[in-house]
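Work through the exercises below with the sequence and the structure at hand. Try each task before reading its solution.

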Amino acid sequence: MHPLFVANWKMNMVRATAYEFASRFLEDFNPLPDSRVDVVISPPFPLLGTLADALSKASGVALGAQNVHWLESGAHTGEVSATLLRDFGVTFPIIGHSERRQFYGEHDETVAKRARGAIDHGLQVIVCVGESTHFDSDAAHEVIREQLEVSLAGLEGRDASRLILAYEPVWAIGTGRAATPEIVARVHSFIRGELVKKFNALGMSVPILYGGSTTPENIGELLAQPNVCGALVGGASLKPDVFNRLVIAGREGFR
Ligand code: PGA
């Protein structure tokens, strides 16, 4: 297995900077053997076309998105369907990011619908969970347990191969205060246990990413922890040289 690095650009970049990012990133990027994908870039929706063009000849890099609706089409102003995402070549939408949950009314029930709908439309989904304040305590585990229970309620064993989980403690996102390797190891092991309860042996193969203030400097130690299978990267994914260094250091540190 190899780690997965997902760039979450959030509400950043315009066409020119996205294009420049892609060309500079690809100059230095070394794909894994056999062109296996280990990097996903999730731009704002209007940049999907630009990035799809810029990455069209790249190997090892896939296109992501920052949300997806569960229905095929219809009267849903401001939403984007899985069908349209697939039309641009997206394979990995992020669902239930804490910024969507905190500021835009996303909740576990809608996360569950998005995950079910996106998988039914042939996508792989990255479902985000994470506590806001009670870090690394029984209360935090309880918050995460409930998020997992409701967000994954519509999925069954056969969906496990299309699921990626991301543990993103809200207090670590964009704060420069990443969770310590010890905290990450404990919470990922807890999440692994919950996934195994839900999917039995298939739960062992669901990748669990860590997200929250990852940098080229701290990624190696984080990915050296058991059950840490990659990273969801915000700030450090906006500069091509920094993101490249993070990917290199993460591959090296991965146990
Ligand atoms: P950050 O964001 O790396 O800037 O903390 C991570 C995320 O929100 O996905």
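**Exercise 1.** Which residue stands opposite Leu63 in β3?

Solution. The model used here is a predicted one. Start with the strands: β2 (residues 39-42) pairs with β3 in the parallel sense, over three bridges. Within this pair, Ile41 stands opposite Leu63. On to β4 (residues 90-95), which runs parallel to β3 and is joined to it by three bridges. Here Leu63 stands opposite Val90.

**Exercise 2.** Explain why β3 (residues 61-65) counts as largely enclosed.

Solution. In a regular strand, side chains alternate between the two faces of the sheet. In β3, Val61, Leu63 and Ala65 point one way, while Ala62 and Gly64 point the other way. Buried means under 20% relative accessible area. Five of the five residues of β3 are buried, so the strand is largely enclosed by the rest of the structure.

**Exercise 3.** Classify the packing of helices α5 (residues 108-120) and α6 (residues 138-151).

Solution. The angle is about 45°, and the axes are 8 Å apart. Angles under 35 degrees count as roughly parallel, and 65 to 115 as roughly perpendicular. α5 and α6 are therefore oblique to each other. Their crossing is right-handed. Among the α5 residues that meet α6 are Val111 and Ala112; Val150 and Ser151 are among those on the α6 side.

Key: Residues numbered from 1 in each chain as written. Predicted model: local features only at pLDDT ≥ 70, side-chain atom pairs only at ≥ 80, totals over all residues. Heavy atoms only, no water. Buried < 20%, exposed > 50% of the residue type's maximum accessible area, 1.4 Å probe, protein only. Helix = DSSP H or I, 4+ residues; strand = E, 2+ residues; numbered from the N terminus. Pairing = 2+ DSSP bridges. Axes fitted to C-alpha atoms, helices over the stretch in contact; angles between N-to-C directions. Parallel < 35°, antiparallel > 145°, perpendicular 65-115°, else oblique. Left-handed = near helix turned anticlockwise from the far one by under 90°. Contact = heavy atoms within 4.5 Å.
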